[in-house]
Amino acid sequence: MKVLTVKNLNVEFGGTRVIEDLNLEVEQGEVLAIIGPNGAGKTVLIKSLIGIIPHRGEITWAPGVKTGYVPQRMDIETDIPLTVKEFFRLRGRQATDAKIAETLEFVQLAPDILKKGFGEISVGQRQRVLVAWAVLGAPDVLIFDEPTADIDIAGQESIYKMLYNLQKNIGLTVILVSHDLNVVYKHAQTVLCLNKKNLCFGAPKEVLSSEQILALYGGEGAFFHHRHET
Amino acid sequence: MENILLPMIVAAFVAASASLLGSFAILKRMALVGDALSHVALPGMALALLFRFNPFIGAVAFLFVTVVGIWVVEYRSSLSLDTIVGVFFTASLAAGALVMPEHDLIEALFGNITELTLSESVFSIALSVFLIGLILSIYKKLALNMVSEEIAQSIGIRNRMLEFVYLLSFALAVALGIRFVGALLMGSLVIIPAASAKNVARSLRSFMAASVVFGVLAASAGIYVSHLYSMTPGPIFIMISSAIFLATLIIRQVRRPLGRAS
């Protein structure tokens with residue numbers, strides 16, 4: 001079953017095309033990885049999918065599909081007066097104590113994090129809290145924007161492992177932006193190479209030739225020395 | 001004592017609604033916008049005095065137009081809000097000061113709550129209670145909007161509508177507070193209690209509660225002290241508020257030594 005169909009998607013900012021005639025489909029239960037160089041439109045695509053950016057073209061979710069969204073980054077003061085528990089509570093009535101405890105287990109966080117300040121915890125911990133927050137809404141599709149930005153290598157590995165477990169255990173469909181080709185090969189059933197346009201789309205082992213990767217990243221090795229845009 | 005009891009109660013309610021709204025202005029990092037916004041009320045009040053209608057209505061009308069303006073600028077144009085606020089709002093303070101009849105100017109700039117009539121007092125309390133209820137009914141959405149607009153939008157919160165409701169409430173609170181502290185000091189009524197609360201609170205609930213408590217405390221103490229020494233209550237309120245701010249700042253510094261401050 002298809003959960004998402006995108007047809008002729010176009011996004012413009014002030015006259016500049018950021019995404020051009022993009023087509024793609026996502027099957028239920030699969031992991032779709034979106035890869036591409038900085039400024040390729042990955043975040044824009046994700047934001048279009050959840051409907052927070054104006055766009056032209058068709059984005060059709062299967063009827064009744066609920067999405068959970070984990071943003072790329074948050075600009076938060078370290079002394080923001082908000083505890084992690086309160087952050088969960090902002091979701092509304094769904095966020096019961098039992099539910100919160102259950103989702104914290106999913107993302108492998110100890111319960112004592114609930115008492116900490118939302119601005120005090122590490123970036124990696126906050127990423128997990130955000131995943132838990134999204135999972136709390138019982139989504140069918142989880143959408144991650146660059147889940148590894150600002151997190152060290154060990155943190156990256158474990159967050160992907162956690163994602164993979166979530167996909168396996170609760171049958172989530174996952175759409176993620178990734179910088180790590182190993183992750184794409186290991187966990188994604190489908191990969192989308194994006195640079196304004198859809199440059200390749202399919203199973204990673206079939207579509208990701210070294211020529212393709214070179215074409216996508218411009219052959220300057222930018223991919224392997226990825227610096228995060230601010 | 002009985003002739004200051006009513007102003008004290010009114011001031012407490014007005015301060016409670018203003019500091020509750022202020023706590024979100026602090027979270028949203030729009031403290032200065034709030035301060036400057038209060039200046040816009042002055043020309044409205046001046047025109048009302050000139051044409052002999054209620055200054056509150058004049059203030060609300062001007063604030064309403066400004067709030068719609070802020071909202072449109074934020075979403076429709078690429079101009080920086082700070083720039084517009086800096087130029088336009090101080091200009092309107094100047095215009096208001098020129099148009100305002102001279103004998104009313106000091107009161108408009110610095111307020112005087114002790115001259116409220118009974119019906120005005122009842123109206124002020126009722127509107128304050130309404131504003132407090134409104135903010136409490138949407139505070140979770142507001143907080144989420146301030147933590148991340150994207151996440152808020154992703155779960156179906158209409159950010160623009162929410163921000164508009166917030167700005168409107170803000171405008172009403174300003175119009176209310178102006179009788180108390182005046183157009184010049186109104187920003188402090190909104191901002192200082194919340195800024196003090198942020199120094200000592202770690203959770204959202206305690207932050208909101210502390211902000212209201214500090215506001216109410218400073219407001220009623222301000223009325224009392226100003227009555228004792230027959231002075232204008234507005235400036236006294238600000239002085240007490242600032243003293244509370246200093247105290248909370250010291251508490252904050254003691255709690256987190258310089259090395260850990262970030």
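## Nonpolar patch on chain B

In this predicted model, helices α2, α3 (55-76) and α4 (81-99) of chain B each supply at least two residues of a nonpolar surface patch. The patch covers about 780 Å² and is made by B:Leu47, B:Leu50, B:Phe51, B:Phe53, B:Ile57, B:Phe62, B:Leu98 and B:Val99. Patch residues have over 30% relative accessible area and no salt bridge, nonpolar side chains being joined within 5 Å.

B:Leu47 lies in helix α2 of chain B and counts as partly exposed, at 32% relative accessibility. Partly exposed lies between buried, under 20%, and exposed, over 50%, with a 1.4 Å probe and protein chains only.

## B:His39 in helix α2

Helix α2 (residues 31-50) of chain B also holds B:His39, which is buried, with a relative accessible area of 10%. Leaving aside residues up to four places away in sequence, B:His39 touches B:Phe89, B:Ser92, B:Leu93, B:Ala183 and B:Leu184, contact meaning heavy atoms within 4.5 Å.

## Sheet of chain A

Chain A has an open sheet of 6 strands in the order β5-β6-β7-β3-β8-β9, with mixed pairing; strands pair if DSSP finds at least two bridges between them. Its edge strands, each pairing on one side only, are β5 (67-70) and β9 (197-202) of chain A.

Strands β3 (residues 31-35) and β8 (residues 190-195) of chain A run parallel and are joined by 4 bridges.

## Basis

Residues are numbered from 1 along each chain as its sequence is written, and chains are lettered from A in the order in which they are written. Local features need pLDDT of at least 70, side-chain atom pairs count only at pLDDT 80 or more, and side-chain values use heavy atoms, without hydrogens and water.

Note on methods
Patches are made of residues with over 30% relative accessible area and no salt bridge: like charges are joined within 9 Å, nonpolar side chains (Val, Leu, Ile, Met, Phe, Trp, Tyr) within 5 Å. Accessible areas come from the Shrake-Rupley method with a 1.4 Å probe; for residues, only the protein chains shown count as cover. A salt bridge is a side-chain nitrogen of Lys or Arg within 4 Å of a carboxyl oxygen of Asp or Glu.
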